[in-house]
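Hi everyone, thanks for coming.

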Amino acid sequence: MQTNPNSRPSRSRPSDAPYDLRGTIHDTFQQHPLAAFFVTAFALSWLAWTPYLLSDNGLGIAHYAVPGEPGTRQLLGILPGAYLGPVTAAFIVTAVVDGRAGLTAWARRFTRLRVGWRWYFGVLLVVPISLLATTLLFPNTWGHAKWIPFAALIAYVPMLIVQIVTTSLAEEPGWRDFALPRLQQRWGAIHGTLILGLLWGAWHAPLFLTDWAGEHVRWWEPALFVLSCVPLSLVMTWVFNKTGQSIPMVMLLHAGINNTFSVLWPESFPNQDAESMTILVQLAASTAAAAFLIVRTRGTLGLAPSEGRLVKNRV
């Protein structure tokens, strides 16, 4: 068999090469860690919420019900998706993009507890007082408020711990620990937080089709909820920046707001419609606080100038 001396060894065209899915995902995560995080967080949570969404506690397409009382039922339906979403997505993307060093830095913010007693005082006392006081600005609330029973005050602390474990710990390692520093480095404190607030609120969207949102959800409540997450996120960004990126303090703030509306608010305003009223109260209180902080910090929300800007292809 004769060979052509002028011939060259044939090379496989790129289209002939096997498709490296792992390599493609790795490269995508490396180039766009923020996009990878949000897509992964949404996909994992929404997928895990699908059984709850399809059940009789949701759309009623599949005829089964999540067992338990209302509070326990919501935990069983929501908690898997909450933990499989932001915190898992943050862990995966951090491991791929930054490796062990990145995971160490990501986890280190969990230990930043030494932030000064004033922060604990503000979160534990000023936040619930502000929310209850803001409610009194709404019609038909002044003169109808009740004194909070002593039993509810006693229950506040243990229920706060429950809120931290079931809500803050599942969300804040993703939203504030992973995403917020990158968003601020790329778009600044205000614009980065606006993006985060809208996405954080939108992440809850499927839950408005379940009994998590109550029995009678008005068409405007999901949109108002997403909107309320924006000024609240601005306040949380300020806390995050001013406490040296303390995730425990942000978690305590997040849990404190939820706990106030779950434990104290219904006792103080038993005649009000909690399903819609609490969203309005949160929006009003956080908007006022965010506006004050933006003016007070001249738009920096406590972000140090040295924290620079992230390279565009790493967003």
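What classes of residue make up the lining of the largest pocket? There are 23 nonpolar, 13 polar and 4 charged residues. Here Ala, Val, Leu, Ile, Met, Phe, Trp, Tyr, Cys and Pro count as nonpolar, Asp, Glu, Lys and Arg as charged, and the others, Gly among them, as polar.

A quick word on where this comes from: it is a predicted model, where local features need pLDDT of at least 70 and side-chain atom pairs pLDDT 80 or more, while totals for chains, interfaces and linings use all residues. Residues are numbered from 1 along each chain as its sequence is written, and side-chain values use heavy atoms, leaving out hydrogens and water.

Back to our pocket. A pocket, on a 1 Å grid over the protein atoms alone, is an open set of points where a 1.4 Å probe fits, with protein on both sides within 12 Å along at least five of seven lines; lining residues have an atom within 4 Å of a point. The volume of the largest pocket is about 1,400 Å³, counted as the space filled by probe spheres set on the points, which are joined across faces, edges and corners. Its lining has 40 residues, and Q74, Q163, W212, N258 and S262 are the closest to the centre. Helix α8 gives the most, 8 residues. Helices here are DSSP runs (H or I, at least four residues), numbered from the N terminus.

Now for the second largest pocket, with about 530 Å³ of space. Of its 20 lining residues, V126, V127, V235, W238 and A289 lie nearest the centre. Which helix supplies the largest share of this lining? That would be α4, with 8 residues. By class, the lining has 15 nonpolar, 4 polar and 1 charged.

Let's stay with α4, because T135 sits in that helix and counts as buried at 0% relative accessibility (buried means under 20% relative accessible area, with a 1.4 Å probe and protein chains only). Beyond four places in sequence, T135 is in contact (heavy atoms within 4.5 Å) with T141, W265, F269, M277 and V281.

How values were computed. Helices (H or I, at least four residues) and strands (E, at least two) are DSSP runs, numbered from the N terminus. Buried means under 20% relative accessible area, exposed over 50%, partly exposed in between (1.4 Å probe, protein chains only).
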